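I opened this notebook to keep track of what I looked up, beginning with the whole chain and then turning to single residues.

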Amino acid sequence: MVERVLVTLDGAIRDPDAPLLYSDDIGVLRGDGIFETVLVRDGAACALELHLARLRRSAEALELAAPDLEAWRTAVQTAAKEWGAEREGLLRMVLTRGRDSEHGATGKQSAIKAGDLAGAEPATTGYVLVLPVPERVKTARTEGVSVITLSRGISIDLAQEAPWLLLGAKTLSYATNMAALRFAQRMGADDAIFTSTEHRVLEGPRSTVVIARDNQLITPPARNGVLPGTTQRVLFTEAEKAGWECKYEPLFIADLITADSVWMLSSVTLAARVNSLDGLRMSAPDNAAEIAELVHRGVTQPGNITDW
Ligand code: PLP
């Protein structure tokens, strides 16, 4: 069984142990680029069209050249097939602004649009990498996660007022998200939920927050500065079919405490129920298994959902 699979955008399967990036890649120098994390199951990438749609939106937000979605689709499918169907895999699509040296002597990172530079457009760097799913994922799926709330120090209005903060884009700059996770772990928790300066619920460092209340599923709207989640999106479609009312509404910390259940949703872990929040035990409702099942079904059979 292969332990890692690397595919470049020309569709070539590469040696994952051979160097691939140049030292002046802007993705490395500045974290200037975007990515997607996708679950590989049964040798196929789950909810691929939604991930491609978000890759396109993120590229737009960063003023990167529009990604060649057909090339990405092929590279992802090649990588997922090469990974095989025996076990799940964690697939990353990585797209950076390319080499600093190709962006001109001024270092100007121009808005690269097709045709702008009359054929001299700097090449972006893109590749697909598949790795084993981390151990923590199994535990999170079966036992849930303990969570603490952490301030992100931003207002819910910031996404609209300061688009340069790229709040709705999945950029490579995840250092602060990873620092928040380490902080949560030092405090004895598995995960974190970011809150705004208005004490509104935002998202996890790598997941979407959804609460279940009566027959409703509620998640904070993207305009509050959260990343639109692919897993949340497929859950809402499946849940509506099953009779749930699904809403995008602002949530306060109090809404988490009084909810029937709180979920951290993400592409690879899928559904992790919050089993304790800021030290408060959150017991599982009778329908916890149903919600997890709706997510599993949604990601493996996303139908024709291609955007939010
Ligand atoms: N919010 C953030 C900040 C994330 O990093 C992720 C994970 O990728 C999500 C939400 C959930 O998105 P998805 O369900 O597409 O994995």
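**Terms and ground rules.** I first noted that helices (H or I, at least four residues) and strands (E, at least two) are DSSP runs, numbered from the N terminus. I also wrote down that this is a predicted model, in which local features need pLDDT of at least 70 and side-chain atom pairs count only at pLDDT 80 or more, while totals for chains, interfaces and linings use all residues. Residues are numbered from 1 along each chain as its sequence is written, and side-chain values use heavy atoms, with hydrogens and water left out.

**The whole chain.** I found 9 helices and 14 strands in the chain. I then looked up the radius of gyration, which is taken over C-alpha atoms, with a globule rule of 2.2 Å times the number of residues to the power 0.38. For 308 residues a compact globule would have a value near 19 Å, and the chain, at 20 Å, agrees with this. Along the principal axes, the C-alpha atoms fill a box of roughly 55 × 45 × 40 Å.

For burial I used relative accessible area with a 1.4 Å probe and protein chains only, where buried means under 20%, exposed over 50%, and partly exposed in between. By that rule, 51% of the 308 residues count as buried. Taking a contact as heavy atoms within 4.5 Å, I noted that residues 24 or more positions apart account for 75% of the contacts with a separation of 6 or more.

**Threonine 231.** Is threonine 231 buried or exposed? It counts as buried, because its relative accessibility is 3%, and its place is in helix 7 (residues 230-241). Leaving out residues up to four places away in sequence, threonine 231 touches Leu265, Ser266, Ser267, Leu270, Val295 and Val299. I also looked for polar contacts, meaning a pair of N or O atoms within 3.5 Å; within protein, one must be able to donate a hydrogen and the other to accept it, and residues adjacent in sequence count only if both atoms are side-chain atoms. A polar atom of the threonine 231 side chain lies 3.4 Å from the backbone oxygen of serine 266.

**Alanine 292.** This residue lies in helix 9 (residues 288-300).

**Arginine 14.** I found arginine 14 in strand 2 (residues 13-14), partly exposed with a relative accessible area of 36%. Its side chain and that of threonine 8 are joined by a polar contact of 3.0 Å.

**Serine 151.** In strand 7 (residues 145-151) I looked up serine 151, which is exposed at 57% relative accessible area. A polar atom of its side chain lies 3.0 Å from the backbone nitrogen of glycine 153.

**Two positive phi angles.** Most residues other than glycine have a negative phi. Aspartate 42, not a glycine, has a positive phi of about 55°, and lies in the loop between strand 3 (33-41) and strand 4 (44-45), where it is exposed at 62% relative accessible area. Aspartate 278, again not a glycine, has a positive phi of about 50°; its loop runs between strand 13 (270-277) and strand 14 (280-281), and aspartate 278 is partly exposed at 42%.
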